[in-house]
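Visitor: I would like to learn how to read the fold of a structure like this one. Please show it to me.

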Amino acid sequence: MSNAYPKLHNAMWPGLVGKEEGTDHPPISLDRMLDMTANAEVDGQKFQGVDIFLFHPHTDPYASEDVFRAMADTIAEKGLNVGSVVAPIWPGTVGGSAMGGEEDRKNFVLAVEKACRIARIFNEHGVRQYGAIRIDSADNPENWAQAPEENTKKIAETFREAAKVAQDHGERLAAEGEICWAGMHSWRDMVNLLETVDMPDVLGFQSDQAHTYLYLLGCNAPEHALLKEGYSEAEFYEAYQVMTDALRPWTIDFHVAQNDGSVHGTGAHDATGRHCLADDPNGKLDIVKTAGYWLRGAEARGMKHVCWDGCMFSNAVLEDQQTWNTILNTMIQVRDAHGWN
């Protein structure tokens, strides 16, 4: 099924997000993450690509073109492509808060520029032929809540400037909705921000099944909850329809994921939707069925791949090859149910 879409990608950032040197969950190298991805196989089907985290120690955003060409060679030699890349927009990397001071916001746009440069190198190499550049607001809901309207306006202005940079480079930005990101922490606030930016051809939504499940519960925004504890299956799908109808038209990047309804944070990462294994018995989602709500019309929106996201799994889970075979099997089911040729 080599001509089948969406292509099946694995995220590299679970090797870094929430990981800390000197603990029992140290960073996992890019080479190790690539090897585990390349070694996964289910009935002859393998992962077809990876989505990349432009962040130390996997990536130096300031590295030379030769460094990125060598990285592209390594990825291609493993039979993988590059899809979406995550811009280093957080304070402490290249960027700064999208609703911060002038310097922070200038650095945010600079981080997107760096991501566009790296994406161009991958594109010219041939290892990357599709995907978006992923961003968030690089700040938290508590800070945002001090002046919601003003802060949403600032984030939108910063996103607009970043989108102009992306447009100049022939790229699209995908803003990831997650309960820990300022002004993006509920489904309604996310829609409001996208509409305020108002550049749908350049700036869209990046949906993660685990994170958007918590949108339904109103975590960090109870006034926008669509479900109450003890909900029925019918109530769940009615709420899911409301949320996906609002956000699907904006969705240009999609993470297949599972969630058990709880929040979780490790290392420096704020508590957010807990990613669970694809076959976790406590998982709240029928992954394949709910993926269909997001993937309807995906081809027309220019989507050519989906990516698994399992942030903040323990290293023991991440370094177990069976983990990736189980995930790949779920990804195949999603593609077979909702894909196209």
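The dialogue below covers the barrel, a helix lying across it, and the nonpolar core.

Guide: This is a predicted model, in which local features need pLDDT of at least 70, side-chain atom pairs count only at pLDDT 80 or more, and totals for chains, interfaces and linings use all residues. Residues are numbered from 1 along each chain as its sequence is written, and side-chain values use heavy atoms, with hydrogens and water left out.

Visitor: In what order do the eight strands close into a barrel?

Guide: Strands (E, at least two residues) and helices (H or I, at least four) are DSSP runs, numbered from the N terminus; two strands pair if DSSP finds at least two bridges between them. Here the order is β1-β2-β3-β4-β5-β6-β7-β10, with parallel pairing. Four bridges join β1 to β10, and Lys7 has His305 as its bridge partner in β10. Two bridges link β7 and β10, where Val256 stands opposite Trp308.

Visitor: Which strands does helix α11 lie across?

Guide: Contact means heavy atoms within 4.5 Å. Axes are lines fitted to C-alpha atoms, for helices over the stretch in contact, and angles run from 0 to 180 degrees between N-to-C directions. Helix α11 (residues 321–338) lies across β1, β7 and β10, at about 145 degrees to β1.

Visitor: Which residues touch the most other members of the largest nonpolar core?

Guide: Such a core is a set of buried (under 20% relative accessible area, 1.4 Å probe, protein chains only) Ala, Val, Leu, Ile, Met, Phe, Trp, Tyr and Cys residues joined through side-chain atoms within 4.5 Å. Of its 111 residues, Ile135, Phe159 and Leu247 do. Helix α3 gives the most to this core, with 10 residues.

Methods: Buried means under 20% relative accessible area, exposed over 50%, partly exposed in between (1.4 Å probe, protein chains only).
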